[in-house]
Amino acid sequence: MPRYFYYSDIQTFLNESLEEIFGKLSKNDEYDTAATQKFAWEQEIVVMKQVLDVYKNEPGWIIFEYTIPRIGKRIDVVLLLRERIFAIEFKAGEEEIKHVDVDQVLDYALDLKNFHQGSADRMIVPILVPTENDKTSTVCRLSHYDDGIYEPMIANKASLGLVLNKVLEQEIQEINYKVSLENWVRSRYAPTPTIVEAASALYTQHSVADITRHEAEGEQLERTTKYVMDVIHETKKNKGKSICFVTGVPGAGKTLVGLNVAIQQSDQDEEGKRDLAVYLSGNGPLVAVLTEALARDKQRQEQEKGNKYNITTARREVSQFIQIIHRYRDQMLGKLRTPVRDGKIEIDPEKELRDKHAGFAEVENIAIFDEAQRSWDQEHLSAWLKRKKGFNDFPMSEGEFLIWSLDQREDWAVIVCLVGGGQEINTGEAGIGEWVRAMNETFPNWKVYISNQLTEKEYAEGQVAEMLSEHQNVVFSNNLHLAVSMRSFRAESLSRMVHHLLDGNADMVRQVYQEIRERYPIVLTRNLDIAKDWLRQKARGSRERYGLLVSSKGYRLKPLAIDVRCKPDTVHWFLDDVNDVRSSLFLEDAASEFDVQGLELDWTCLVWDGDFRYINGAWDYYEFNGGSRWNRIKKPERQAYQLNAYRVLLTRARQGMIICVPEGNPEDHTRLPEFYDGTYQYLKSLGLEEI
């Protein structure tokens, strides 16, 4: 899992054959390389060999397919020569110079400058190479921002050498660089103070109101945030290692706690120092929507002031503190010595530069893992690494490895796990129990902070306290459990009602529903058109959002024009208005549990398929084979994932929902009425109003 597909000094590159270089590129590509990519690599290798021949006696290094640490963007070619960094983006076979391509290569340069330690103090030259174009720009001009980045330059396959030469003719100031070019490829992810300040300011100017709006006063939210901040300060003072488990009902504000901690902790202390925190989530839609919401809001504010503002700049600022967890994990995996020896992982010091404070860990002292219950178990992670990365015999679960990653810090560290109960919805998701097991068996010296209220079976079958009785450093606090749902501000008991509904406890459902029905309507229908009309009538003004929800296994809703294989574009689905067909408000695209976990709408319609059926007083679980029949799901863990999928879907609405259970079709053996009638009658028996 290197950060690049190919890396060598110039002399070695020139001496290796095209086939040898191409073989190394292909070996490190985890994807099934398309023919177009192979053609592009061949062109890039040939062109770079021609260009670099004149520099064969100079120290320099070339990298193909370099991944900017933690950012995830991959640069076609990075050339390190004469204390400069050339970021080169090839467009093989292209004649046209496209504005979007110029922006792309400039973005690479900006990401290196902002997030890469070895690039922060160097001149960076972005070059776009549409290989067949007939234009070349040889004017070397630094950006007016005075940040050491050249304005993007244009070359073709014949003129790239000329452009490089023009740049290298320019004099640059001799300074004592923090990282030598020889060590550049081992350099760390390290956001600059400028980008940290921008991210902090950007977030504090927004409430992310459209995404995480709540009507409660937020006293509990503030209390939990303060408690976590106090743990961080105490851990830093004692130079220790701590883990906090923040748990809560759906919509209670766990994500807000995580974001608030990430930003507050990144503020300067009295001495002007920063202890960085990062909010990490494996939920791609959640990260995408939060990032885009903040970026759009920032762009709107700047435009209202009369300023030109590029939305990609805002997205870059947000990405300093909101990131996909897999990039963090893979960054640490890339530092390991391979193969694994004696079932133990260890750092390979040849793969990254050591930091005097972080050691070989990442730059942040604090990592906030959202939806930590969805981290993979050891079996699933090991199989995935072997299949996708060629990494054999990995001995840890994802949760255990993430703790290990922070444990590598040489000063202090805090992990904040945001955990939803009973929300594991995919194969291999381990739940809170795996984190607790790892603390007991591998990290007994870490201090554990957790709520003593976790008695429901959604949390490790209610055995959390018992499991932690073996750990010597445990602190229980009610401040770490968010029991009140802010998402459903009119129905604080919704989560409890859904719990009983899925447990089949009809009497308790009726009791709870009577408490909330005036403030939080839940209605029932068998007609999707009626359901859509109900949503449109309920939403008020332009800010309230509504949309269709469906289980990811709801394959037989196609006659209703709902195809779960057609995934919505979640950014547009959650953020765009009623005029955009991709918007949830257009009521054409339905989102599954994977699209909406951690997010919410004001009003929802859950369209219930035959994958989850109420038959003879109990739930039954089914999966469509894609062609002609439903197969029963028999494995308990897979049944749990299906149950949790509906738990997620039933708890996405802030203000109310309609449940549509189709009538089925007696002439379609895959949609027989008996697949749906039992569910409808059960829901009706709970006292839900029919329309």
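**View 1. Strand S20 (residues 618-624) is joined to S21 by 3 bridges, and the two run antiparallel.** Here, helices (H or I, at least four residues) and strands (E, at least two) are DSSP runs, numbered from the N terminus, and two strands pair if DSSP finds at least two bridges between them. Look for Glu623, whose bridge partner in S21 is Asn631. These strands belong to an open sheet of 3 strands in the order S19-S20-S21, with antiparallel pairing. Strand S19 (612-615) and strand S21 (630-632) are its edge strands, each pairing on one side only. On average, neighbouring strands of this sheet are turned by 45° against each other, direction ignored.

A note on the model: this is a predicted model, in which local features need pLDDT of at least 70 and side-chain atom pairs count only at pLDDT 80 or more, while totals for chains, interfaces and linings use all residues. Residues are numbered from 1 along each chain as its sequence is written, and side-chain values use heavy atoms, with hydrogens and water left out.

**View 2. Helix H22 (residues 636-649) lies across S19 and S20.** The helix runs at about 100° to S20. Axes are lines fitted to C-alpha atoms, for helices over the stretch in contact, and angles run from 0 to 180 degrees between N-to-C directions. Contact means heavy atoms within 4.5 Å.

**View 3. Strand S12 (residues 447-450) pairs in the parallel sense with strand S7 (residues 241-248) over 3 bridges.** In this pairing, Ile243 has Val448 of S12 as its bridge partner. S12 is also joined by 3 bridges to strand S13 (residues 474-476), and these two run parallel.

**View 4. Helix H10 (residues 284-304) and helix H11 (residues 311-318) cross at roughly 130°, their axes coming within 8 Å.** H10 and H11 are therefore oblique to each other (angles under 35 degrees count as roughly parallel, over 145 as roughly antiparallel, 65 to 115 as roughly perpendicular and the rest as oblique). On the H10 side, the contact includes Thr291, Leu294 and Arg296; H11 contributes Ile311, Ala314, Arg315 and Val318.

**View 5. Helix H12 (residues 325-333) and helix H14 (residues 398-407) cross at roughly 65°, and their axes come within 11 Å.** Among the residues making the contact are Tyr328 and Met332 of H12, along with Phe401 and Trp404 of H14.
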